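I went through the model by contact type and wrote down what I looked up.

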Amino acid sequence: MSERRKVTVVGAGNVGATCAQVLAVRDYADVVLVDIIENFPQGKALDINQMGPVLGFEPNIAGTNGYEETAGSTVVVITAGKPRSPGMSRDDLVTTNEAIVGSVTREVVAQSPDAILIIVSNPLDAMCHVAKNVSEWPKERVFGQAGILDTARLRTFIAWETGASVKDVQAVVLGGHGDQMVSVISAATVGGVPLRKLVSEEKIAAMVERTAKGGGEIVNLLGTSAWYAPGAAAAQMVDAVMLDEKRVLPCTACLEGEYGVDGLYMGVPVKIGAGTPM
């Protein structure tokens, strides 16, 4: 019987499977991959487990079509829902994914009443509201992944533009997960040097624009939503909770008066550790 803590990822599609894969490689928790499609999560889990001997992690990924195996999870990541198609906005998915996320939330809450919920399903801000309302959990236990992904895209573009290592690029993207997201350029640095000292305003504006439309760019290229970066971004949030890292990360959180906003989920800096994020 494993003594390791458990992380559940609901949705074994591209984003969920990537998140599970990244967490498996981290090697600190058992991972349960849930999906309604028969045999699908089992197959993904088996494949990920068989990476273990190659990459050097213990094969502890379980695939299931039910929720019994998720019982007692410390963190539950919800990626379930339909992805975007070309020409669709994230908001076009709201009705379809509201039903899916609501149903999933009821199932995971029943099995893991003390868990933290991390929402990835789109449209992200609305799906966070759905999960919070259905679970009736406090805002500290229901938040979403968006800003880490948007920030990763901006950091990538800055690294390419400046010829610097992405590891030395710091940036933050806040606000909604859509065209209204805000790239905080005053906080962007390369090796500690403000971005504005290195790159023209025109080029910065182009990077900001590309970041805001970053998801759509990939949808147009692939015919479906991105998954590698979103999956890894969700896994980073799980790391922060499970390893009590106290990371300050841009996440979608329910505001209650902060920044003059009340009762809405929005992308803000959030300190994430074990127990209650701040």
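Predicted model: local features only at pLDDT ≥ 70, side-chain atom pairs only at ≥ 80, totals over all residues.

Tryptophan 227 comes out at 19% and is buried, since buried means under 20%.

I then looked up the rings of tryptophan 227 and tyrosine 228: their centres are 5.3 Å apart and their planes stand at 50 degrees, so I noted the pair as tilted.

How many aromatic pairs are there by this rule? I count two. Phenylalanine 157 and tryptophan 160 make a tilted pair, with 6.1 Å from centre to centre and 50 degrees between the planes. I find both residues in helix 6 (residues 147–162), three residues apart, which is about one turn of the helix. Phenylalanine 157 is buried at 10% relative accessibility, whereas tryptophan 160 is exposed at 61%.

I also checked for a charge over a ring. The charged end of arginine 141 sits over the ring of tryptophan 137, 3.9 Å from the ring centre.

Next, salt bridges; I have 10 in the structure. Aspartate 27 and arginine 4 meet through their side chains at 3.2 Å, N to O. This pair links distant parts of the chain, 23 residues apart: aspartate 27 is in the loop between helix 1 (14–26) and strand 2 (30–34), and arginine 4 is in the segment before strand 1 (6–10). Both are partly exposed, aspartate 27 at 24% and arginine 4 at 27%. I noted that Arg4, Asp27 and Asp30 are linked in a network of salt bridges.

Lysine 203 bridges to glutamate 161, with the closest N and O atoms 3.5 Å apart. Lysine 203 lies in helix 7 (residues 201–212) and glutamate 161 in helix 6, so this pair ties together parts that are 42 residues apart in sequence. I read lysine 203 as partly exposed at 43% and glutamate 161 as partly exposed at 36%.

Glutamate 201 and arginine 196 form another salt bridge, the closest N and O atoms being 2.7 Å apart. Glutamate 201 is partly exposed at 47%, as is arginine 196 at 46%.

Last, I looked at strands. Strand 12 (residues 247–256) pairs with strand 13 (residues 262–272) in the antiparallel sense over 10 bridges. The two form a hairpin with five residues between them, and glycine 257 in the turn has a positive phi of about 105 degrees. Which residue in strand 13 stands opposite cysteine 251? I found valine 268 there.

Definitions and conventions: Residues numbered from 1 in each chain as written. Heavy atoms only, no water. Pairing = 2+ DSSP bridges. Helix = DSSP H or I, 4+ residues; strand = E, 2+ residues; numbered from the N terminus. Phe/Tyr/Trp six-rings, centres within 6.5 Å; stacked < 30°, edge-to-face > 60°. Buried < 20%, exposed > 50% of the residue type's maximum accessible area, 1.4 Å probe, protein only. Lys NZ or Arg CZ within 6 Å of the ring centre and 35° of its normal. Salt bridge = Lys/Arg side-chain N within 4 Å of Asp/Glu carboxyl O.
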